[in-house]
Amino acid sequence: MADYQDLLVERLRVDGRDEDGGSRLLAHGAGGRAEDGPDGWEPVERRTEIVDVAGAEPVRVDVVETARGPLLVLDRRRPDAPALDLADGTEVEGLALRAPSRVLADAGAEVAMWGRRLEVVAAVAGGRGNPAYLPGVALPDAVTATTDPRRALEGADVVVLALPSQSLRGVLGGVADAVPAGAPLVSLAKGLESGSRLRMSEVVAEASGAARERVAVVSGPNLAREIAERQPTATVVAAHAPDVAAEVAAACATPVFRPYTHHDVLGVELGGVVKNVVGLAVGMAEGLGYGDNAKASIITRGLAQTSRLAVALGAEAATLAGLAGMGDLVATCASPLSRNHQTGVQLGRGLDVGAAARVVRQTAEGVRSAPSVLALARSAGVEMPIVEQVVDVVEGRVHAREAARLLLARDLKHEAG
Ligand SMILES: NC(=O)C1=CN([C@@H]2O[C@H](COP(=O)(O)OP(=O)(O)OC[C@H]3O[C@@H](n4cnc5c(N)ncnc54)[C@H](O)[C@@H]3O)[C@@H](O)[C@H]2O)C=CC1
Ligand SMILES: O=C(CO)COP(=O)(O)O
């Protein structure tokens with residue numbers, strides 16, 4: 001089976017008879033989540049298709065299709081049964097094929113975006129895209145925009161939070177009462193909250209009052225501009241509740257955007273946070289005029305130090321070798337689109353943080369997160385020399401050139417130590 005097709009388990013219920021005597025079926029929405037309750041049942045489409053066969057008689061095919069895709073198996077405990085012939089109210093589990101065309105339509109469903117800047121919202125709402133942030137990119141018609149967060153939240157099945165880490169608590173806390181009950185809350189932000197040093201999934205749960213099982217994070221090599229241009233991209237959807245991760249993944253998958261689910265929320269979030277700090281360091285090396293050996297060395301040692309911290313805090317080492325660790329680190333450190341990378345370049349050229357921010361003009365999360373990462377590392381007894389030097393440069397204590405000299409002058413040691 002192609003790599004971009006998925007088999008989903010569908011909860012099905014027999015609900016009376018069709019005119020031809022076969023069982024009429026209902027499917028439970030979103031792949032059959034138990035907590036959707038009895039109201040989540042939706043009709044299953046049934047039709048006959050005639051398939052032309054070269055050199056033979058046409059074949060009649062009975063197609064049974066849920067909102068996710070056609071059912072390949074009606075009852076997975078009796079996969080060979082040609083049809084369902086069961087009493088009313090009986091529940092079975094079928095298998096549906098989620099095909100790319102269906103996913104595209106699903107992912108292109110209705111998106112109500114909230115923004116605080118009137119000119120950005122007016123452009124999106126007026127069908128002119130988002131020229132301030134994504135010049136030249138046409139947005140789907142299904143994306144609407146409003147400056148009223150409560151309107152954007154009305155009836156939402158999934159709430160996605162795409163805000164800088166230091167703003168997330170204030171914005172979400174102000175509208176927590178308007179978040180629809182039961183809707184998963186998804187954080188895209190890659191930072192730690194200054195002061196509390198909390199990860200964004202923790203901030204989301206605290207600010208909204210939602211159980212941590214309702215919160216998901218999406219992270220990975222996900223440069224916004226490339227995604228908006230529909231360039232092929234993979235990502236990770238992590239949640240403590242597997243069904244929430246699966247629901248969010250299903251909602252955002254398209255033929256060119258492939259989410260993997262994960263259970264290691266801590267590892268996925270830390271990967272996204274620390275790669276920004278390492279991205280600053282790689283940018284500094286570039287700004288200093290250093291070559292690819294230096295950049296590859298920072299990336300590799302940066303990943304080793306990130307994994308050390310993550311494991312000490314309870315994450316799994318393998319998570320950091322995946323898309324949300326190595327994948328995101330490589331994208332940030334290699335791409336001129338990365339704001340952390342670009343900010344690092346300006347710091348390497350000798351600008352201070354304020355001047356670098358005025359050049360880059362968008363959020364470089366590593367600047368605010370670096371001191372929190374260092375504090376976390378110290379409290380966990382983990383050495384993170386690259387982060388230490390980035391903090392000293394960001395806080396104006398040393399020039400990037402001196403930071404590089406100090407890193408190279410450290411005592412010799414075993415690479416795996
Ligand atoms: N841009 C990217 O490629 C990616 C960004 N992220 C993460 O997404 C988060 C947001 O980043 P971007 O949207 O790219 O940053 P950005 O700097 O491009 O945009 C931030 C937006 O948030 C708004 N904003 C800031 N403070 C606000 C507040 N208090 N209330 C309302 N709106 C406020 C700003 O007006 C601006 O429109 C960050 O944590 C970043 O790490 C994650 C993956 C990719
Ligand atoms: O997180 C990102 C890519 O995955 C975006 O990186 P920057 O925030 O450095 O632009």
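This is a predicted model: local features need pLDDT of at least 70, side-chain atom pairs count only at pLDDT 80 or more; totals for chains, interfaces and linings use all residues.
Reader: Why is ligand 2 said to lie between domain 2 (106-263) and domain 3 (270-408)?

Author: Both domains give residues to the shell around ligand 2, so ligand 2 lies between them; the residues around ligand 2 include K190, G220, K275 and N340.

Reader: What makes the pair of E365 and ligand 1 a polar contact?

Author: A polar contact is a pair of N or O atoms within 3.5 Å; within protein, one must be able to donate a hydrogen and the other to accept it, and residues adjacent in sequence count only if both atoms are side-chain atoms. A polar side-chain atom of E365 lies 2.5 Å from an oxygen atom of ligand 1, so the pair meets the distance limit of 3.5 Å.

Reader: How do you know that R258 sits over the ring of Y260?

Author: The rule asks for NZ of Lys or CZ of Arg within 6 Å of the ring centre and within 35 degrees of the ring normal; R258 lies over the face of Y260, at 4.8 Å from the ring centre, and so falls within the 6 Å limit.

Reader: Which conventions apply here?

Author: Residues are numbered from 1 along each chain as its sequence is written, while chains are lettered from A and ligands numbered from 1 in the order in which they are written. Local features need pLDDT of at least 70 and side-chain atom pairs count only at pLDDT 80 or more, whereas totals for chains, interfaces and linings use all residues; side-chain values use heavy atoms, leaving out hydrogens and water.

Key: A residue is near a molecule or strand if one of its heavy atoms lies within 4 Å of it. Domain bounds come from an automatic or database domain assignment.
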